[in-house]
2 protein chains.
Amino acid sequence: MTHYPHVDYPNFNFEVTHTSADGARLGRLTTPHGTISTPNYIFCGTKAAIKGLSPQQMHEANTDIILSNAYHLMIQPGADLIQKMGGLHKFTGWNGPMLTDSGGFQVFSMGNASCADEIKGTNRPKREDLLKITEEGAEFRSYLDGRKLMLNPEISMDIQRKLGADLIVQMDECTPYQVSKEYTAKSMDMSMRWGDRSLSAFERMHDGSQGLYGVVQGGIYDDLRQQSAQYVACRPFFGTAIGGCLGGDDDEMYGILETCRPFNHPTRPIHFLGIGRIKDVFKSVRCGIDTFDCVMPTRIARHGHALMRGGPSEKINLLNAKYKDDPEPLDPSLDIPCSRDFSKAYIHHLFKAGELLAYQIVTQHNVAMINRLMTEVRAAIKNGTLTELEREWLPG
Amino acid sequence: MTHYPHVDYPNFNFEVTHTSADGARLGRLTTPHGTISTPNYIFCGTKAAIKGLSPQQMHEANTDIILSNAYHLMIQPGADLIQKMGGLHKFTGWNGPMLTDSGGFQVFSMGNASCADEIKGTNRPKREDLLKITEEGAEFRSYLDGRKLMLNPEISMDIQRKLGADLIVQMDECTPYQVSKEYTAKSMDMSMRWGDRSLSAFERMHDGSQGLYGVVQGGIYDDLRQQSAQYVACRPFFGTAIGGCLGGDDDEMYGILETCRPFNHPTRPIHFLGIGRIKDVFKSVRCGIDTFDCVMPTRIARHGHALMRGGPSEKINLLNAKYKDDPEPLDPSLDIPCSRDFSKAYIHHLFKAGELLAYQIVTQHNVAMINRLMTEVRAAIKNGTLTELEREWLPG
């Protein structure tokens with residue numbers, strides 16, 4: 001195995017301030033761009049922008065932390081350009097904590113249908129022409145102009161250094177669902193080697209401004225997950241991320257979190273990659289998860305779905321004809337104009353008419369709703385009332 | 001000619017507070033939803049929304065007044081629905097003064113290519129299958145579902161009453177360019193009869209909440225314009241709107257304004273329908289225009305064009321490759337986040353990546369820029385420095 005040096009993170013800190021009987025914990029995660037309370041939710045600004053919202057509007061919705069995707073940014077506008085413009089914080093105008101992923105997941109998804117399909121275990125055939133994975137890294141074609149690109153641990157570290165987010169992630173291979181245990185084990189071993197290469201590259205460029213997460217892989221296999229969690233815990237990563245295939249149903253997913261849990265490093269922040277429905281948040285914080293990220297809140301908004309607290313479902317579909325003349329706002333208790341000042345009838349009209357304002361209103365509402373969820377979850381963990389809170393949010 | 005009664009506008013007022021030597025004037029226009037200083041600019045919220053901006057963002061950009069289009073709203077979501085939801089102010093959340101047009105212009109444009117083509121004198125063949133104009137009114141098909149719809153003066157008044165804007169407009173036929181004088185004269189005569197029918201219908205429903213504008217037609221023919229202006233001045237309209245074909249070039253357009261001017265009612269507000277480039281504002285205020293409306297500021301924003309003060313042109317194209325690494329914001333002196341906090345490089349990237357945030361940023365910038373223009377124009381009229389100001393804005 002590659003040599004890996006000790007790494008200090010002088011400008012970073014993670015402190016667990018409370019652990020409750022049901023396994024959930026409270027923490028404070030410090031980065032050079034501020035400290036956030038955990039559990040918390042990282043919103044996806046895929047291409048260096050939250051789709052439809054400005055940093056100002058994200059703040060208005062009480063957002064603490066966002067992310068961008070190295071894969072998209074390496075293609076457009078390029079990491080060099082963002083570095084030249086002063087890094088992601090300066091480029092986007094977001095001054096709070098920020099994360100980038102390694103790019104591996106999106107590259108990998110090109111060969112295996114969509115990210116969501118992957119996580120949910122839908123199995124589609126690989127498109128070998130789009131993607132070639134070797135020990136060296138992943139070779140793929142740009143969706144913009146077809147040119148061949150390479151992503152490997154060193155390149156990913158270089159890109160993420162140029163982007164300049166606070167929290168960055170090692171490159172790994174995100175194993176598909178329903179592949180054999182042998183494939184999963186081999187892939188996990190490679191991800192470990194990629195982890196060491198990521199650490200070495202990280203150490204060479206480390207100036208204290210970034211904290212690196214290792215990724216736990218191992219698919220749905222308990223012994224592999226344990227090995228992978230142990231690997232990440234033994235290496236000088238700042239944080240632990242749980243990634244890869246998480247099974248075909250919710251029970252399997254939460255089971256994997258429980259499997260990893262005793263083997264995760266106990267004092268590092270644990271991030272759950274790409275998962276974040278409301279019910280996932282309630283289940284996962286009990287498995288010790290500190291941060292989430294998911295495109296769900298912003299993506300479903302653009303399809304007219306607004307998140308609800310305490311409804312028969314997590315969300316309502318504003319395109320439904322029953323909202324045509326509904327004078328009620330989305331949720332006035334959120335006390336933010338998007339949720340308070342517009343009737344469902346108006347938002348229904350905006351979607352029907354294809355008005356851009358629709359996306360802005362519902363996206364900001366969903367972000368505000370998730371941030372309220374996280375605030376209430378943190379309070380409930382402190383007060384030992386998480387079960388009651390879950391029942392309030394999800395009575396259905 | 002139809003009988004027309006006297007009409008009082010107890011909740012409305014227009015006061016000319018200053019007239020300068022070059023013909024420009026300052027005024028105060030009072031509506032039930034507030035008083036605005038004139039000259040002023042009415043931004044187009046075509047389908048009951050400014051494309052990409054919330055009422056809050058319009059206020060942030062110092063907007064005083066907006067409009068919506070009766071034609072679009074009668075088709076979707078329907079005037080009855082908006083009335084049921086409490087009218088346009090309540091429906092949209094815009095609490096300031098608001099105007100609706102009659103719907104005639106858009107109906108008419110269906111038969112004659114686009115509005116812009118019309119005003120600019122581009123002549124395309126009529127599409128008779130889409131539109132039939134008779135003395136009774138205009139029969140056309142909905143672009144949503146193909147059903148046959150009728151718009152006539154009485155229906156337009158009924159729709160505009162239900163929509164509930166402060167300022168509303170009589171139905172007229174907007175004469176195409178390059179039609180004969182005979183056609184223009186006959187069309188103008190019909191618009192006058194439609195004006196009387198509009199007034200009669202208005203009087204029957206009048207409860208003091210709305211002020212009706214008459215429309216001056218007559219194409220490019222001086223004698224017809226004079227007749228039409230005299231007609232509008234003699235009838236009990238609250239305001240005067242200058243509409244219809246305005247010629248093939250700027251000189252012809254401003255010539256028409258000068259032609260109408262002595263015949264317009266001297267103490268009523270004068271609105272210039274659908275015209276509003278920066279240079280138009282400077283020229284037209286000298287012809288006594290008090291209010292403008294134009295989709296230009298918001299429409300060009302969605303194509304990446306940002307309005308500029310004092311550049312070689314009124315606008316820059318942010319899609320231009322030269323902005324790829326331009327660290328400068330659009331105009332920090334506007335002191336609004338959209339114009340101050342984002343580099344041109346970032347906005348360039350957002351457009352290239354198809355990010356929704358691009359539309360929001362540039363639309364709000366353009367609105368703020370036009371509102372600054374109007375503020376500075378009003379100050380310059382007061383100080384007698386309009387020529388100097390014009391040179392500052394348009395040195396090219």
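Here's a quick tour of how this structure is put together, from its two chains down to a few residues. It's a predicted model, where local features need pLDDT of at least 70, side-chain atom pairs count only at pLDDT 80 or more, and totals for chains, interfaces and linings use all residues. Residues are numbered from 1 along each chain as its sequence is written, while chains are lettered from A and ligands numbered from 1 in the order in which they are written.

**Where the chains meet**
- On the chain B side, 34 residues are in contact with 33 residues of chain A (contact: C-beta atoms, placed from the backbone, within 7 Å).

**Two domains in chain A**
- Chain A is split into domain 1 (13–294) and domain 2 (303–393), with bounds from an automatic or database domain assignment.
- Their C-alpha centres lie 27 Å apart.
- Across the boundary, 25 residues of domain 1 of chain A are in contact with 21 residues of domain 2 of chain A.
- α11(A) gives the most to the domain 1 side, with five residues.

- Three strands of chain A make an open sheet, ordered β1-β2-β3, with antiparallel pairing (strands pair if DSSP finds at least two bridges between them).
- In general, strands of a sheet pair through backbone hydrogen bonds, either parallel or antiparallel.
- β1 (13–19) and β3 (34–38) of chain A are the edge strands, each pairing on one side only.
- Strand β2 (residues 25–31) of chain A is joined to β3(A) by five bridges, and A:Leu29 stands opposite A:Ile36 in β3(A).
- Helix α15 (residues 356–383) of chain A lies across β1, β2 and β3 of chain A, at about 130 degrees to β2(A); axes are lines fitted to C-alpha atoms, for helices over the stretch in contact, and angles run from 0 to 180 degrees between N-to-C directions.

- Leaving aside neighbours within four places in sequence, B:Ile66 is in contact with several residues, including B:Phe43, B:Trp94 and B:Met98.

Key:
Contact = placed C-beta atoms within 7 Å. Helix = DSSP H or I, 4+ residues; strand = E, 2+ residues; numbered from the N terminus.
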